[in-house]
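Reader: Could you take me through some side-chain contacts and helix packing in this model? I would like the cut-offs as we go.

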Amino acid sequence: MESLSAVVRRCALLLLLCATGAQAETPPGQWAGWLQQQLNRLPASRAINAEQERWMAENRDAAQPLYNPELNIGYEDSADTTRTVGLSQTLDWSGKARARRDAVVVRDTLAQLRADKARASLLADSLNALVAFDAARTRLAATRQQEQQLSALSELIRRREQAGDLGQVDAQLAWLSLAQAQQTLAQAESDATAAATRLRQVLASAQPGQPLPAARHWQAVAVSTDASQRLPASFDLRLAQQQLALAEQDATVAGRQRRADPTLGVSVGKEGDDNLWGVDISLPLKLFNTGKAGYQAALADSDARRALLEKTRADIAARLDGALRDYQQRRERWQTWQQLTGDTLARSDALLERVWQQGELTTQNYLQALNQRLDTRLSGIALREAMQQAWVRWLRESAQLNDWLNQLAN
């Protein structure tokens, strides 16, 4: 007759398997929708939006006209009192304002790219925190189940020892295994607490509102897995390109700053009883501060940005290839683990206990098999976690995080 503890363990294992299956069947759109809403409510998201608005406001200020008109009022008290009112305006004949407006267009693009990259980084950090939390919670459940199973086994062995079915060595082995399980459980509890703390820091949530999508959703469906094709979409590459364009525009502005712009003024007034009017034209003489040094510095910065762009392109291409290859390798290892284990883990518990109860397996070998079974489960959890994190890394490098999240949400 089957012992009560064995029945309880089988029921607990059945509930665990049912819960895992229910999580896999949860529609990924619910999780994606929850994550998008949670991200929008984060103070970090509001800070990114505010920072982008600050950049855009500074750019709008730089796009204003370069020169303002000047009002001149004159008064002279001599033999005849002279009063004049005049208006003068510096004329932007060299096109400085137009060059500044062209630079503002590039600055606007840079502001948008920086904000998009910051949002992608926030999303990637949130995904990694969710993955780590899910893995830590699953590891804790597995180690806690192992500890409960060893505790029940130790109690069963104690009763069998009293009945004379087993010796003291078997009881000692069971108690030693149970004692060793405490360290594993303590580490799993500590890891789960750290993962929950990290999740609260990043996502302002003590636990996810929806379970993670099943492992089959962490792969390419509507996103690209061609590293060379995704190179132009990289945030870092586009930022480097726009920084080069901005450096070239700054060089243009610096070149036009060297040119002098004339100031035209007109005035009207009275001198005694006579009306008078006048026209005034002035032109700065670039004798000392010619602006040559500033122009040369701007050209040198443009050359440096051009060289840096080439290096950035090569670095990003290498990172993209590495991230994609790492994900593909980790997913292959995860799939191989699934094929090797199949439903073996679900059936091994009852099989091992039955063989041990029948005396075909020693207590020492039975305990070793239980530990090996736990190690196999933990290795599967680690493989899945590494595969999911590698997927997030690839999507981040290839600027496809939002595409994947929207795909799940839809």
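Author: The side chains of E385 and R139 meet in a salt bridge, with 3.1 Å from N to O. A salt bridge here is a side-chain nitrogen of Lys or Arg within 4 Å of a carboxyl oxygen of Asp or Glu. This is a predicted model, where local features need pLDDT of at least 70, side-chain atom pairs count only at pLDDT 80 or more, and totals for chains, interfaces and linings use all residues. Residues are numbered from 1 along each chain as its sequence is written, and side-chain values use heavy atoms, with hydrogens and water left out.

Reader: Which helices do E385 and R139 lie in?

Author: E385 belongs to helix α10 and R139 to helix α4, so the pair ties together parts that are 246 residues apart in sequence. Helices are DSSP runs of H or I with at least four residues, strands are runs of E with at least two, and both are numbered from the N terminus.

Reader: Is E385 buried or exposed?

Author: E385 is buried, at a relative accessible area of 13%, while R139 counts as partly exposed at 22%. Buried means under 20% relative accessible area, exposed over 50%, and partly exposed in between, with a 1.4 Å probe and protein chains only.

Reader: How many salt bridges are there in the whole structure?

Author: A search of the whole structure finds 21. One of them joins R119 to D116, with the closest N and O atoms 3.1 Å apart. These two are 3 residues apart in helix α4 (residues 96-163), which means about one helical turn separates them. R119 is partly exposed at 30% relative accessibility, and D116 is partly exposed at 26%.

Reader: Which residues are linked in a network of salt bridges?

Author: K117, D236, R319 and E397 are linked in such a network.

Reader: Changing topic, at what angle do α8 and α10 pack?

Author: Helix α8 (residues 292-341) and helix α10 (residues 363-397) pack at about 155°, and their axes are 8 Å apart. Therefore α8 is roughly antiparallel to α10. Axes are lines fitted to C-alpha atoms, for helices over the stretch in contact, and angles run from 0 to 180 degrees between N-to-C directions. Angles under 35 degrees count as roughly parallel, over 145 as roughly antiparallel, 65 to 115 as roughly perpendicular and the rest as oblique.

Reader: And I73, where is its place?

Author: I73 is in strand β1, and this residue is exposed, with a relative accessible area of 69%.
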